[in-house]
Amino acid sequence: MPAPKSNIEQIDGRRQRADANRRRIAEAMLDLLRNGETDPSADLVAEHAGVGRRTVFRLFNDMEGVYREMHGLMTAQLGPMFDAPFEARTWRERVDELIERRAKMFEIMLPIKSAADAHRFRSQFLQKEHLKITRLQRETLIAVLPAQIAGNPDRIEALDLMASFEAWRRLRQEQRLPIKQAVATLKTMARAILG
């Protein structure tokens, strides 16, 4: 007969199950968003995650917690792509590489970020993360440019807009461009701005 579990082992087991369920709920939410469900109900999320509705409410007191968990999963997926060193040698080639890299990331983010943006103004967490991400993207862009361009405020504003998620969403959703054409369009814009 196995020895009874200690209180610490029982607590650790519950914590591990809760963490696993939190992750499953966040993954279910991300899947639903990817599939076009912009505001899934707790019942739908619970069903998709394979947990009870009460589990969703027990583990997440509010949507901020769900957003944090989803953000953690997305950061784990996209972080390595964002942090990877550039392979291109010249700054102009690095701008092209930056556009290609962002296109890959933005395409993964497209349904999720679009849904999150619809809820952003009701969520302090989403507002804070949006500002943080846009600031980091701007800094990354400026870092690949030579000083004479990085010091030109008008060019920086134009380049920052061109390389933004919002520009990508417009090209893909409103203008309905295929990925390859959207990337080519951004590169054309960058060349026009850079001269």
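Visitor: Which residues lie nearest the centre of the largest pocket?
Guide: Y67, M70, H71, M74 and L126 do, out of 43 lining residues. This is a predicted model: local features need pLDDT of at least 70, side-chain atom pairs count only at pLDDT 80 or more, and totals for linings, chains and interfaces use all residues. Residues are numbered from 1 along each chain as its sequence is written, and side-chain values use heavy atoms, without hydrogens and water.

Visitor: What counts as a pocket?
Guide: On a 1 Å grid over the protein atoms alone, a pocket is an open set of points where a 1.4 Å probe fits, with protein on both sides within 12 Å along at least five of seven lines. Lining residues have an atom within 4 Å of a point.

Visitor: Which helix gives the largest share of that lining?
Guide: Helix 4, with 11 residues. Helices are DSSP runs (H or I, at least four residues), numbered from the N terminus.

Visitor: New topic. How many salt bridges are there?
Guide: The structure holds 14. Each is a side-chain nitrogen of Lys or Arg within 4 Å of a carboxyl oxygen of Asp or Glu.

Visitor: What does R53 pair with?
Guide: D43, with the closest N and O atoms 2.6 Å apart. R53 lies in helix 3 and D43 in helix 2, so the bridge ties together parts 10 residues apart in sequence.

Terms used
Helices (H or I, at least four residues) and strands (E, at least two) are DSSP runs, numbered from the N terminus.
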